[in-house]
Amino acid sequence: MRLSGRIVDRQCDLLIIGAGPFGLAMAAYTRHLDIDHLVVGNPMSFCKEHMPAGMLLRSACDWHLDAACVYTIERFVDDQGLKSADVTPLSLEFYLSYAQWFQQQAAIEAMPSHVRRLDMVDRRGARFQAEIENGDIIRAKYVLLAIGFKHFAHQPGELIARLPRNRFKHTCDLVDLEGLKGKRCLVVGGRQSALEWAALLNDAGAETVHVSYRHDSPRFVESDWAWVNPLIERFVTAPGWYRALPSNEREALNYRFWVEGRLKVEPWLEPRCRTHQIKLWPRTQIEAMTRPDGEIQVALNNGSVLAVDQIILATGYKADISKVPLLAQGNLLSKLGLRDGCPMLDDNL
């Protein structure tokens, strides 16, 4: 039913909340399977609002959004008369243009809004009820949360306690890098995002960029993910295979993921980070901080003292379902089985 152009009390089989890469991919696949569905979310809003211009992605051309393998990045590139090598590494701008093309080709319609509250209800034909920010109601038999990691920015408490208020930002919230031209910056963290933000800050004209991290410096080498797809495909034929592994094999597999994703960073970053403006401080931590005359003096545990104007936390993301507003406002949190902030899954995920 429509009232003054608004959708009131709409019902569907599947409600997809979120219109980022996973939300759009699932919307295309449900459409392919002819499943009655509705997508709520502003398409690719996290990428548009929380990633800086000029950012390059770790994703390659074969990391497309179409489970049916029709509207792929390779096809998008080919339609423009280009080759994969012409667009690799993928820029944020290119990826957003691909996502927009994919949405058009797959005929994905998204309601450009946000779900304010999600509840489980006892109602014939629907198990869930979602309240949209304008007060409209959507009822659904099933709900897929494709909300990304916007709410999960990790800011370690013991670190935050040492930092001056209003002089630090998480990478999730630092997208206007031009405002740091001529500034002295300290990036806390030493993985892919930390080093990329350091390179982007240098490109934006920062006077100096210090990067402090607790571990050894990662290697600038390309990660090899060719072995992962067969493992994922095993979940279809043998859903519980990972849980059934002996603990030593499971730990070895986890470590292999760690090596590829955490001990390596993209090789195209190396020449951008090997400049005299960027100083890497491996195996260091912030020990103390003072503000004489308004300047931030950061003391590292190796005895070095850095004078900086802005601190950037490249401390990653840590899932905690209780931080998702639409769940915190509704009645679902108490019904979810959680472990360390993450949902407990069965063998079929």
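**Questions about a buried ring cluster and its surroundings**

User: Is Tyr 98 buried or exposed?

Analyst: Buried means under 20% relative accessible area, exposed over 50% and partly exposed in between, with a 1.4 Å probe and protein chains only. Tyr 98 has a relative accessible area of 0%, so the residue is buried.

User: What should I keep in mind about the model, and how many aromatic pairs are there?

Analyst: This is a predicted model, in which local features need pLDDT of at least 70 and side-chain atom pairs count only at pLDDT 80 or more, while totals for chains, interfaces and linings use all residues. Residues are numbered from 1 along each chain as its sequence is written, and side-chain values use heavy atoms, leaving out hydrogens and water. Rings of Phe, Tyr and Trp (its six-membered ring) pair if their centres lie within 6.5 Å; planes under 30 degrees apart count as stacked, over 60 as edge-to-face and the rest as tilted. By this rule, the number of aromatic pairs is 14.

User: Which class does the pair of Phe 76 and Tyr 98 belong to: stacked, edge-to-face or tilted?

Analyst: The ring centres of Phe 76 and Tyr 98 are 5.8 Å apart. Their planes stand at 55 degrees, so the pair is tilted.

User: How many residues apart are the two partners, Phe 76 and Tyr 98?

Analyst: Helices (H or I, at least four residues) and strands (E, at least two) are DSSP runs, numbered from the N terminus. Phe 76 sits in helix α3 (residues 73-79) and Tyr 98 in helix α5 (residues 92-105). The pair links distant parts of the chain, with a separation of 22 residues.

User: What angle lies between the ring planes of Tyr 98 and Trp 101?

Analyst: Both residues lie in helix α5, 3 residues apart, about one turn of the helix. Tyr 98 and Trp 101 are both buried. Their aromatic pair is tilted, with 6.0 Å centre to centre and a plane angle of 35 degrees.

User: Which residues do ring pairs link into a cluster with Tyr 98?

Analyst: Phe 76, one of the members, is buried at a relative accessible area of 7%. Ring pairs join Tyr 98 into a cluster with Tyr 71, Phe 76, Phe 94, Tyr 95, Trp 101 and Phe 102.

User: What covers the buried residues of α5?

Analyst: The buried residues of α5 include Leu 92, Leu 96, Ala 99 and Gln 103. Taking contact as heavy atoms within 4.5 Å, the cover includes α1 (21-32), α2 (45-50), α3, α4 (84-87) and β5 (110-111).

User: Which ring does Arg 234 lie over?

Analyst: A charge sits over a ring if NZ of Lys or CZ of Arg is within 6 Å of the ring centre and within 35 degrees of the ring normal. Arg 256 lies over the face of Trp 227, at 4.0 Å from the ring centre. Arg 234, at 4.1 Å from the ring centre, lies over the face of Trp 241.

User: How many disulfides does a search of the whole structure find?

Analyst: A disulfide is counted as a pair of cysteine sulfur atoms within 2.5 Å. The sulfur of Cys 47 is 11 Å from the closest cysteine sulfur, in Cys 172, too far for a bond. Cys 61 is in no disulfide either, as the nearest cysteine sulfur, that of Cys 69, is 14 Å away. The search of the whole structure gives a disulfide count of 0.

User: Which residues does Glu 266 touch, beyond those up to four places away in sequence?

Analyst: Glu 266 is in the loop between β13 (264-265) and α11 (270-273). Its relative accessible area is 9%, so Glu 266 is buried. Its contacts are Arg 58, Gln 192 and Phe 220.
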